[in-house]
Amino acid sequence: MLKYLFYLFVFPGFLFASAFGLIVGWIERKVSARVQFRVGPPFFQNFYDVFKLWGKEIILIRNSPYFLFIIAPIIAFGSVIMTTTLVGMSFFYGVGIGGDLLFIIYLMVIYSVSLILGASSTGNVYSSIGAGREMKMVISDELAFILVLLVPIIHAGYSIDLAKILAYQADNGMIIGSASGIIAFIVGIICIQAKMGLVPFDTAEAETEIVEGPLMEYSGPLLAFWKLAHYMMYVFLPMLLVILFWGGMSFASFGSIMAGIGKYLLIVVLMILIRNTNPRVRIDSAINFFWKWASPLALIAVILAIIGV
Amino acid sequence: MGLYNKIIKKSIWVFHVSASPCNNCDIEILDLLTPGYDIERFGIKLVGSARHADVLLVTGVVSYKVAPRLKQLYEQAAKPLFVVGIGTCTTGGATFKTSYNKAGIPLEKVIPVNAYVPGCPPKPEAMIDGVVKLLGTLK
Ligand code: SF4
């Protein structure tokens with residue numbers, strides 16, 4: 001019991017994920033700055049930002065269901081912490097709880113749903129547009145994402161336990177080495193780009209057209225919850241891909257630890273570079289892309305996995 | 001509030017309010033936010049919503065039509081909040097000093113102001129200087 005509380009609140013969970021997420025957020029801003037030939041923010045910038053937000057006022061809107069407005073970021077934050085704990089447990093300790101992947105799929109939808117609820121509770125026009133777009137993003141990327149998750153599940157003998165998937169890869173080589181694995185991995189990177197709402201799929205939060213859409217009415221600590229949850233997704237989504245396709249991380253030697261961190265950072269930097277070199281797509285082209293290209297590709301990967309290549 | 005002021009100095013999110021200027025100051029503000037000056041080094045970031053803002057950059061003579069909206073905007077932003085008036089318009093009216101339609105000369109007739117950066121328009125360097133001086137008064 002105590003062990004799991006430690007997991008949830010200290011090591012892969014709350015404390016670690018917040019601190020590490022903010023650091024990865026700094027990496028994002030710094031790499032983006034370097035891409036644009038700038039110097040970029042100092043190392044502790046995201047810590048300053050979140051600390052500052054904790055001291056600001058919360059503004060509620062009269063005549064709106066503000067219970068929903070307050071509870072939405074907290075639920076989203078909680079679900080992201082739980083997901084990070086689950087993924088981190090298998091990443092660092094190699095243990096699972098049995099039904100990890102199913103649980104992760106649900107928790108990630110909870111994040112999107114609370115974003116939609118929080119945004120639509122405000123009654124703000126831009127927030128409503130953002131909520132609508134977020135809804136469409138969920139509809140478009142969810143199918144492709146689940147299909148991507150199916151590939152390692154099939155490879156590992158129809159097991160949704162992350163520990164079993166890791167054990168399978170330790171015996172039979174990484175899943176990314178197979179034809180189905182590499183296709184699913186590529187689609188997976190695109191999917192997590194959409195899940196995190198990064199450019200090219202940041203249509204829901206488009207800062208330049210609908211001014212951060214769903215987050216527009218949030219201020220103070222509630223905004224800090226959203227920002228933290230967003231940065232934490234930087235922690236667990238790349239980790240999840242590393243676990244599913246790239247054999248996770250082992251603590252056998254110093255070299256293997258470095259390799260694990262390297263794999264994680266490689267995916268993060270790849271995401272940041274995709275973010276910096278692409279324009280934002282319209283919501284209809286995003287749906288088009290996911291339903292006409294990404295999902296069929298992932299389906300091909302699933303069929304290949306069933307055949308066994 | 002010592003520690004908090006120390007931190008807020010390092011993380012300033014600005015919101016740009018255009019209150020009937022001639023538009024030249026706005027262009028200078030946009031210039032300030034380009035990679036050339038890279039104010040993200042100091043933690044300054046442009047945000048799209050007044051709810052997220054720490055500093056309002058107000059430009060222009062506030063006309064009678066804009067004044068109530070500016071007041072509303074000020075009230076809707078989360079405190080603690082600082083207001084910086086950009087351009088001579090906010091202090092003396094500049095091009096519009098003989099206009100009939102000016103509610104905000106100086107700007108503090110409409111909302112409380114923490115600092116002015118005069119100039120028609122002020123250079124981006126002057127604006128950085130103004131904001132830095134404003135932050136210097138925080139203890
Ligand atoms: S101060 Fe000068 S440049 Fe700025 S808005 Fe006024 S008239 Fe235009």
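This is a predicted model: local features need pLDDT of at least 70, side-chain atom pairs count only at pLDDT 80 or more; totals for chains, interfaces and linings use all residues.
So, how many residue pairs are in polar contact between chain A and chain B? With both partners at pLDDT 80 or more, the count is 19.

Who's doing the touching on the chain A side? Two helices, H3 (45-54) and H10 (220-245), each put in at least two residues. H3(A) gives the most, with 6 residues. By class, that side of chain A comes out as 13 nonpolar, 5 polar and 9 charged residues.

Okay, on to the charges. We get 6 salt bridges between chain A and chain B. One to look at on the screen pairs Arg38(A) with Asp38(B), side chain to side chain, 3.0 Å from N to O.

Now the overall extent. Chain A brings 27 residues to the contact, and chain B brings 25 residues. Together the two chains bury about 2300 Å², with 56% of that on carbon and sulfur atoms.

Last stop, the ligand. Its surroundings are listed from chain B, and they include Cys22(B), Cys25(B), Cys89(B) and Cys120(B). Also in that shell are Pro21(B), Pro121(B), Thr88(B) and Thr95(B), among others. Helix H2 (24-32) and helix H4 (88-91) of chain B are the elements giving two or more residues there.

Key: Residues are numbered from 1 along each chain as its sequence is written. Chains are lettered from A and ligands numbered from 1 in the order in which they are written. Side-chain values use heavy atoms; hydrogens and water are left out. Contact means heavy atoms within 4.5 Å. Buried area is the accessible area (1.4 Å probe) that two parts lose on being put together, summed over both. A salt bridge is a side-chain nitrogen of Lys or Arg within 4 Å of a carboxyl oxygen of Asp or Glu. A polar contact is a pair of N or O atoms within 3.5 Å; within protein, one must be able to donate a hydrogen and the other to accept it, and residues adjacent in sequence count only if both atoms are side-chain atoms. Helices (H or I, at least four residues) and strands (E, at least two) are DSSP runs, numbered from the N terminus. Ala, Val, Leu, Ile, Met, Phe, Trp, Tyr, Cys and Pro count as nonpolar, Asp, Glu, Lys and Arg as charged, and the others, Gly among them, as polar. A residue is near a molecule or strand if one of its heavy atoms lies within 4 Å of it.
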